[in-house]
Amino acid sequence: MIESQRHSYHLVDPSPWPISGSLGALATTVGGVMYMHSFQGGATLLSLGLIFILYTMFVWWRDVLRESTLEGHHTKVVQLGPRYGFILFIVSEVMFLFALFRASSHSSLAPTVEIGGIWPPKGIAVLDPREIPFLNTLIPLSSGAAVTWAHHAILAGKEKRAVYALVATVSLALVFTAFQGMEYYQAPSTISDSIYGSTFFLATGFHGFHVIIGTLFSIICGIRQYLGHLTKEHHVGFEAAAWYWHFVDVVRLFPFVSIYWWGGI
Amino acid sequence: MASAILRSSLRTALRGGSRPNPASKRSFSSGASAEEEAREAAKWEKITYAGIAGCTILAVVNLSKGHPHFDEPPPYPYLHIRNKEFPWGPDGLFEVKEHH
């Protein structure tokens, strides 16, 4: 096969995963709407849909890893595709989170008379931004330093150090999520407490969700580094995870400054 | 397989030895040497340790303060909004609070 190929492009084999992912997404959406409207069987359909999507993600990425490592299809020119694709994905994520922060600014810059004409709204107690919120900004930034350490270790060919650096990255990420959970548990307001609660928990919650995705991405990279999948010359998956992780830790600065700090005084 | 390797090495030799191929350079990279990368790795390792030390101190300080207590606000209409019951019951996910 490979010997007869006279170009550096990857012509993919037919795959069942796009259609299975689409069916999983359909079941998740319909099940989710049914669940939220308390229809019978909604929770079951939602769970089945999510399991289907998770299964599809697993087997699809398994195929991509085999094409990359075992079959060697990811040539220099093929690597450009996922790189540009991932950059565009992160750009779309920036726009998504910008909309959530903008919703908070829109509500807080000129607070309406219904919430007392002040921000935070009358009766809403807020957290001290110098306590957990500041710590939980420093933790992702330190984790970002750790992923940069991992990147340079990979480029220097220090395989073991790269695994240690990724363990540090993931550990800091888990500590962040633990503190964020503690903060939510102790918070004086909830998502159903005025526009403050809606915008605060929507923005910080979606940021936290992105931290969890980035954590899983870094764990996968750590395992792949340990297994020797990543080389000095070829580690697109790790690069994507590092870009994503920097995006997540830089984005944390915006809710910290505008929602916790400015919005809390 | 063996003949393919022989053929490709013969081709390389005919082309004038192992000339650096511009396509083999990693795209999107600065192309630093291994020594430079090792130095950078050591620098970022130190920054990571400094970050972990700072975070640990701040975490100990914050956790030793204990958790904050807030007074119950007056029942303004925009607080604790309920238009219909959640699928899982009457309380929100983070609403179960300790009262003490």
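What distance separates the centres of domain 1 of chain A and domain 2 of chain A, taken over C-alpha atoms?

A: In this predicted model, local features need pLDDT of at least 70 and side-chain atom pairs count only at pLDDT 80 or more, while totals for chains, interfaces and linings use all residues. Residues are numbered from 1 along each chain as its sequence is written, and chains are lettered from A and ligands numbered from 1 in the order in which they are written.

The two centres lie 25 Å apart, taken over C-alpha atoms. Domain 1 of chain A covers 12-73 and domain 2 covers 75-264, with bounds that come from an automatic or database domain assignment.

The C-alpha trace of chain A spans about 75 × 50 × 25 Å along its principal axes.

An unreviewed UniProt entry lists residues 43-61, 81-101, 162-180, 200-223 and 243-263 of chain A as "transmembrane region"; its positions are given in the numbering used here, feature names are shortened, and annotations may be inferred rather than shown by experiment. Residues 81-101 of chain A are 100% helix, with end C-alpha atoms 31 Å apart. Residues 162-180 of chain A are likewise 100% helix, and their end C-alpha atoms lie 27 Å apart.

Definitions and conventions: Helix = DSSP H or I, 4+ residues; strand = E, 2+ residues; numbered from the N terminus.
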